Amino acid sequence: MNLLWLQSGGCGGCSMSLLCADTTDFQGHLRDAGLELLWHPSLSLGGPSVLALLQDIVQGRQTLDLLCVEGALLRGPHGSGRFHMLAGSGQPMMTWVQALAAQARHVLAVGSCAAWGGVTAAGANPTDACGLQYEDERVGGLLGAEFRARGGLPVINIAGCPTHPSWVIDTLMALASGSFGAADLDALGRPRFYADQLVHHGCARNEYYEFKASAEKPSDQGCMMEHLGCKGTQVHADCNLRAWNGEGSCTQGGYACIACTEPGFQEPGHPFQRTPKIAGIPVGLPTDMPKAWFVALASLSKSATPKRVKHNAVADHLVEPPALRKTRPK
């Protein structure tokens, strides 16, 4: 199978993240899986004229198995797409993407900008940026709600800002082996191997969450849900189960989960590191938990919080270790 990667309206952060994949030989990793990288604007080692390659694909002279698009599609001004022209071609990038998507066996939106519009579509959105098949949570985008690639799947949304490199690599590997189908996508077209998890799963701060022992400032070790805007209990991703760079995650680094894999994360309606509340209760409650249950659980948990946990929650380092206890039954 061959792979073409295009970059549209975005920062290139997903390609930067891809460089942290668990391999010292990215090109060789793809080749070993039976994938040929036709072209990537930053990572290609060289090759024929890109414009000639794109023309060959559109005209059917070159097969295209995997089309990866990074960055939002810029439809402005007034639907012309001229805010982003593919250099040397005289045509808007969105026109190329539409033509190439029609030829591809599978189409992948790499990153939340390509999936939903993301940061590129924030604010007044003067460039009229959108995702490949979504505009925030609304189905449509550049290719339309009914689009299906030649392999029968809608756009595969590898959402994240940026994406975890393994989300990209694992999706490509599954497609290359023929082991990825419609049942492997969630309701928003994301690969379920990471989207069926919550960021909360495996979070190093879970003991603080259980006792509702909350951080009060960014350097504190406690749970960041109550005061500092963390949405890890609501957000679909396996960030704390699949360490970034083999080391950590946003929450482990002391930064709240801002829901970067979800549509509309770029405009939450409140400061990223502040939890919106009504009558002291966070507006965004954990997934699948009724409000009454959360209030009751939070009250009970806080009343049972060990002194050690309370002290450590508002410190920037461990100040009180766990007590020594015998672990064998008496």
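Q: How many cavities of 30 Å³ or more does the structure hold?
A: In this predicted model, there is one. About 130 Å³ of space lies in the largest cavity. Fifteen residues line it, and those closest to its centre are H200, C203, C223, C230 and T233.

Q: What makes up the lining of the largest cavity, by class?
A: You will find seven nonpolar, six polar and two charged residues there.

Q: Why is N245 called exposed?
A: Exposed means over 50% relative accessible area, and N245 has 54% relative accessibility, so it counts as exposed. N245 sits in the loop between α8 and β12.

Q: Why is A279 called exposed?
A: Its relative accessible area is 77%; the cut-off is over 50%, so A279 qualifies. A279 belongs to the loop between β12 and β13.

Q: What makes the phi of N245 and of A279 worth a look?
A: Most residues other than glycine have a negative phi. N245 is not a glycine, yet has a positive phi of about 55°, and A279, also not a glycine, has a positive phi of about 55°.

Definitions and conventions:
Residues are numbered from 1 along each chain as its sequence is written. This is a predicted model: local features need pLDDT of at least 70, side-chain atom pairs count only at pLDDT 80 or more; totals for chains, interfaces and linings use all residues. Side-chain values use heavy atoms; hydrogens and water are left out. On a 1 Å grid over the protein atoms alone, a cavity is a set of points where a 1.4 Å probe fits but cannot get out, and a pocket is an open set with protein on both sides within 12 Å along at least five of seven lines; lining residues have an atom within 4 Å of a point. Grid points are joined across faces, edges and corners, and a volume is the space filled by probe spheres set on the points. Ala, Val, Leu, Ile, Met, Phe, Trp, Tyr, Cys and Pro count as nonpolar, Asp, Glu, Lys and Arg as charged, and the others, Gly among them, as polar. Helices (H or I, at least four residues) and strands (E, at least two) are DSSP runs, numbered from the N terminus. Buried means under 20% relative accessible area, exposed over 50%, partly exposed in between (1.4 Å probe, protein chains only).
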